[in-house]
Amino acid sequence: MSFRLGDFKQQIDPSVLKREKGVRADRRGPADLRPVRFTTGYLKHADGSCLIEVGDTRVVCAVSVEEKVPPFLKGKGEGWVTAEYGMLPRATTTRSQREVSKGAPSGRTHEIQRLIGRSLRAVVDTKALGERTLWADCDVIQADGGTRCASITGAFVALVEAFRKLKRAGSLPEVPVTDYVAAVSVGRVGDAILLDLNYEEDSSAHVDMNVVKTGRGLFVEVQGTAEGQPFSEAEMQELMAAADKGIKDLVQLQRKALGDFEPRAAG
């Protein structure tokens, strides 16, 4: 027995057959973030922690304090902020092999954890840390696109929580954070410029970018790739405008999660 979808058109909700123009599969507009939620203090033992949920992407961010620095900073009276990134085997639709069983992290993992570390250091006065290291561990427990961006955005919240703990203990006179930092993806899917791509959108994007900016609007990093056809300067400006809106929205959500934390002046 066989049938065609057309045989049942009169009985099917029209929204299933045709998506409204400008509305994405998850019912967002082109310039909308997915629902974002921060749960601070998510882990009992970490010096600072946060679960960040961006749509169906979920990342646990934990910050640990070590009273030592890498060899290249010994004796310089300066601290360090670094990161590690990982993904659970069933964070994705099919199981991925744990990288520890492969003997070493992949090139992608190296790239992402270095990006997270650079992004956090961009808004930290490491000279005010003393000789201590803060490790930000970002573990993806469920992935639906944008895991590196979620890791940066969530790790910042966990980092501020760890600094607050150090200040309460009398180990730091103030929180040595000079600005907020957040990250978001943008891309061109078909003819549309979209903010905060999920996995389905990311996998079909003609242009895919990750943008990291501070709360004051300064760029930390831009990663962009054209898949197939190059993109124009006008499209680049559209992508940057979408990213700027997304970063501003994320910073407001970070502020709310941190109780309107105000960074100290840089200098």
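Predicted model: local features only at pLDDT ≥ 70, side-chain atom pairs only at ≥ 80, totals over all residues.
Residues are numbered from 1 along each chain as its sequence is written, and side-chain values use heavy atoms, with hydrogens and water left out. Local features need pLDDT of at least 70 and side-chain atom pairs count only at pLDDT 80 or more, while totals for chains, interfaces and linings use all residues.

Colleague: Is Arg34 buried or exposed?

Modeller: Arg34 lies in the loop between helix H1 (14-17) and strand S1 (36-40); helices (H or I, at least four residues) and strands (E, at least two) are DSSP runs, numbered from the N terminus. Buried means under 20% relative accessible area, exposed over 50%, and partly exposed in between, with a 1.4 Å probe and protein chains only. Arg34 has a relative accessible area of 4%, so Arg34 is buried.

Colleague: Which backbone oxygen does the side chain of Arg34 reach?

Modeller: Contact means heavy atoms within 4.5 Å. Not counting residues up to four places away in sequence, Arg34 touches several residues, among them Asp144, Gly145, Gly146 and Asp196. At 3.2 Å, the side chain of Arg34 reaches the backbone oxygen of Gly145.

Colleague: What is the relative accessibility of Asp196?

Modeller: Asp196 is found in the loop between strand S7 (192-195) and helix H5 (199-204). Its phi is positive, near 60°, although Asp196 is a residue other than glycine. Most residues other than glycine have a negative phi. Asp196 counts as buried because its relative accessibility is 5%.

Colleague: Arg27 is not a glycine either; what is its phi?

Modeller: Arg27 is found in the loop between H1 and S1. Arg27 counts as partly exposed, at 48% relative accessibility. The phi of Arg27 is positive, at about 75°.

Colleague: How many residues of strand S2 (residues 48-54) are buried?

Modeller: On one side of S2, Gly48, Cys50, Ile52 and Val54 are buried, and on the other Ser49, Leu51 and Glu53 are buried. S2 is largely enclosed by the rest of the structure, because the buried residues number seven of the seven.

Colleague: Which residue in the turn between S2 and S3 has a positive phi?

Modeller: Strand S3 (residues 57-66) pairs with S2 in the antiparallel sense over seven bridges, and the bridge partner of Ser49 in S3 is Ala62. S2 and S3 form a hairpin with two residues between them. The turn residue with a positive phi, about 60°, is Gly55.

Notes:
Polar contact = N/O pair within 3.5 Å; in protein donor to acceptor, adjacent residues only side chain to side chain. Pairing = 2+ DSSP bridges.
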